[in-house]
Amino acid sequence: MRKQSDKPWERREGESEKAFEAFVIYRDLGLDRTISAVVKRLEKSRSLIDRWKDRYNWSERALLYDNEIEKRALAKAVRERKSMSERHIKIAMQMQRKALEALQLLPVEDMFSKDITNMMDIAAKLERLSRGEATEKTESVTEIAGELKVNRIDLSMLSDKELELLNELTDKVTST
């Protein structure tokens with residue numbers, strides 16, 4: 001006698017080979033799942049297929065199978081997304097290291113190199129995006145009687161180096 005499987009979409013105890021074959025066809029039809037399709041494919045009587053469907057609980061077994069397939073697909077998608085994020089973070093960190101190496105070799109008079117700045121910007125955005133963080137800093141600015149007023153600035157996403165640069169720029173602007 002065969003052992004009962006824990007997986008309901010596998011062959012049931014007492015289920016004949018022919019009945020299970022019919023169930024597999026039914027199960028694998030997916031969205032097009034009908035008894036008529038099984039009858040047509042196997043060229044068996046409708047009453048026989050209906051009996052097997054009821055006796056071996058095809059509807060519930062097929063639904064559980066669908067749920068398992070969906071669960072596996074979701075788990076795979078999550079693993080692939082995590083792998084992609086880790087890969088992107090590594091690339092971003094490598095880009096940042098290369099840009100910093102180039103920046104250190106750059107003479108002071110050439111410090112405004114667009115390539116290095118662009119690379120740092122792209123790498124920082126890629127790293128933030130890969131870590132699930134916002135890639136842009138937004139602030140609300142209004143003009144009142146000729147004066148600019150900053151309503152809100154979110155600096156929590158800035159690195160220590162970016163905050164340091166911002167402070168330097170602020171000092172230059174306020175000292176002029």
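The protein chain exposes about 13700 Å², and carbon and sulfur atoms supply 54% of that area. Accessible areas here come from the Shrake-Rupley method with a 1.4 Å probe, and for residues only the protein chains shown count as cover.

This is a predicted model, in which local features need pLDDT of at least 70 and side-chain atom pairs count only at pLDDT 80 or more, while totals for chains, interfaces and linings use all residues. Residues are numbered from 1 along each chain as its sequence is written, and side-chain values use heavy atoms, with hydrogens and water left out.

The overall layout, then. The protein chain has six helices and two strands, in the order α-α-α-α-α-β-β-α from the N terminus. Helices (H or I, at least four residues) and strands (E, at least two) are DSSP runs, numbered from the N terminus. Of the 176 residues, 22% count as buried, meaning under 20% relative accessible area, with exposed over 50% and partly exposed in between (1.4 Å probe, protein chains only).

Next, the core. A nonpolar core is a set of buried Ala, Val, Leu, Ile, Met, Phe, Trp, Tyr and Cys residues joined through side-chain atoms within 4.5 Å. The largest one has 18 residues, and those with the most contacts inside it include Ala22, Tyr26, Ile49 and Trp52. At least two residues of this core come from each of α1, α2, α3 (46-55) and α4 (58-105). The largest share, six residues, is from α1.

Take Ala22. Beyond its neighbours within four places in sequence, Ala22 is in contact (heavy atoms within 4.5 Å) with Val38, Leu42, Ile49, Trp52 and Trp58.

How do α1 and α3 pack? Their axes are 10 Å apart, at an angle of about 85°. That makes α1 roughly perpendicular to α3, a label for angles of 65 to 115 degrees; under 35 is roughly parallel, over 145 roughly antiparallel, and the rest oblique. Axes are lines fitted to C-alpha atoms, for helices over the stretch in contact, and angles run from 0 to 180 degrees between N-to-C directions. On the α1 side, Lys18, Ala19, Ala22 and Tyr26 meet Ile49, Trp52 and Lys53 of α3.

Last, Arg33. Arg33 sits in the loop between α1 (17-28) and α2 (35-42). Is Arg33 buried or exposed? Arg33 counts as buried because its relative accessibility is 17%. A polar atom of the Arg33 side chain lies 3.0 Å from the backbone oxygen of Tyr26. Leaving aside neighbours within four places in sequence, Arg33 is in contact with Tyr26, Arg27, Ala62 and Asp66.

Terms used
Polar contact = N/O pair within 3.5 Å; in protein donor to acceptor, adjacent residues only side chain to side chain.
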